[in-house]
Amino acid sequence: MSKLLIVGTVAFDAIETPFGKTDKILGGAATYIGLSAANFNVDSAIVSVVGEDFPQEYLDMLKARNIDISGIEVVKGGKTFFWSGKYHNDMNSRDTLVTELNVLADFNPVVPENYKDAEIVMLGNLHPGVQMSVINQMTSTPKLIVLDTMNFWMDCAWDDLLAVIKKVDVITINDEEARQLSGEYSLVKAAQKIHEMGPDYVVIKKGEHGALIFNDDNIFFAPALPLEEVFDPTGAGDTFAGGFSGYLAKHEDISFESMKNAIIYGSNLASFCVEKFGTERMESLTDEEITERLQQFKQLTQFEIEVN
């Protein structure tokens with residue numbers, strides 16, 4: 001089994017949706033990625049930073065899921081990164097109400113010694129300079145580096161973003177971000193342009209409409225499972241990334257065929273994440289529930305097409 005190194009935010013969120021609102025709860029890209037990947041029982045570690053206000057119980061919860069937390073720096077006297085947002089009725093668009101970088105503003109990631117040889121690196125959404133710093137700390141070339149980013153970095157850190165994109169094997173972004181990054185409206189053309197920037201694989205997330213993966217002339221589409229209701233979409237993309245990277249770490253196969261399964265597993269886990277506020281659903285998820293929903297995915301997508 002491959003080691004999985006996860007880099008990203010461990011944070012506080014406050015969320016409002018048409019279904020209700022929360023006070024400060026556990027959030028952050030690395031949190032969702034880690035909880036999702038933990039379902040594959042992989043050897044994983046999180047590199048992040050929190051303030052002294054971050055509850056020990058949250059760290060204990062991550063540790064209880066066999067996630068190495070030695071790379072999570074706790075800054076004495078510091079305050080943890082905080083984000084607050086309000087979702088519109090369509091649950092696809094949202095307004096950011098508050099962003100407090102706090103300790104994240106001066107974050108210098110330190111990769112634990114025993115994960116500097118990790119075979120798979122999952123770079124969660126962070127400043128591309130921080131992502132590059134992690135790549136530069138690796139003592140051996142990872143089999144696979146997966147990068148998640150967003151339009152914010154395209155607007156304010158373009159050169160740094162292009163530099164880190166050159167170094168990665170897989171990039172995961174949503175359709176809007178793919179269009180902005182490439183300057184192409186067609187997602188097929190967008191993926192081709194992004195592929196030329198460096199990554200061998202381009203994963204384009206389309207929210208409730210599934211995900212696409214491109215590799216040279218190969219394209220695969222995985223639908224999202226139709227859900228009766230979406231309670232809170234926060235962290236769904238990170239949960240998808242955790243499922244994707246966790247599956248690949250477990251199976252030690254980074255072929256296009258393996259990535260097809262990884263996308264299905266990522267979509268499957270993301271479908272649970274949205275059912276409750278924050279990380280609550282991912283914390284209570286069972287293997288039986290995952291398997292049962294995978295069967296639903298199978299029934300949704302598999303059939304024989306008769307070609308006359």
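Biologist: Which helices and strands do the buried residues of H5 pack against?

Modeller: Please note that this is a predicted model. Helix H5 spans residues 158-165, and its buried residues are Leu 161, Val 164 and Ile 165. They lie on the same side of H5, because they cover an arc of only 105° around the axis. The buried residues of H5 pack against strands E10 (144-148) and E11 (170-174), and against helices H3 (128-137), H4 (151-156), H6 (175-182) and H7 (187-197).

Biologist: Is Ile 305 buried or exposed?

Modeller: Ile 305 is located in the segment after helix H11 (287-301). Together with Phe 303 and Val 307, Ile 305 forms a nonpolar patch on the surface, with about 400 Å² of accessible area together. The relative accessible area of Ile 305 is 60%, and the cut-off for the exposed class is over 50%. Ile 305 is therefore exposed.

Biologist: What radius of gyration does the protein chain have, and why does it agree with a compact globule?

Modeller: The C-alpha atoms fill a box of roughly 70 × 45 × 40 Å along the principal axes. For 308 residues, a compact globule would have a radius of gyration near 19 Å, so the value for the protein chain agrees: 18 Å.

Biologist: What percentage of the residues in the protein chain is buried?

Modeller: The secondary structure of the chain comprises 11 helices and 14 strands. Of the contacts with a separation of 6 or more, 65% join residues 24 or more positions apart. Buried residues make up this share of the 308 residues: 54%.

Note on methods: Residues are numbered from 1 along each chain as its sequence is written. This is a predicted model: local features need pLDDT of at least 70, side-chain atom pairs count only at pLDDT 80 or more; totals for chains, interfaces and linings use all residues. Side-chain values use heavy atoms; hydrogens and water are left out. Patches are made of residues with over 30% relative accessible area and no salt bridge: like charges are joined within 9 Å, nonpolar side chains (Val, Leu, Ile, Met, Phe, Trp, Tyr) within 5 Å. Accessible areas come from the Shrake-Rupley method with a 1.4 Å probe; for residues, only the protein chains shown count as cover. A salt bridge is a side-chain nitrogen of Lys or Arg within 4 Å of a carboxyl oxygen of Asp or Glu. Helices (H or I, at least four residues) and strands (E, at least two) are DSSP runs, numbered from the N terminus. Buried means under 20% relative accessible area, exposed over 50%, partly exposed in between (1.4 Å probe, protein chains only). The radius of gyration is taken over C-alpha atoms; the globule rule is 2.2 Å times the number of residues to the power 0.38. Contact means heavy atoms within 4.5 Å. The arc is that of the directions from the helix axis to the C-beta atoms.
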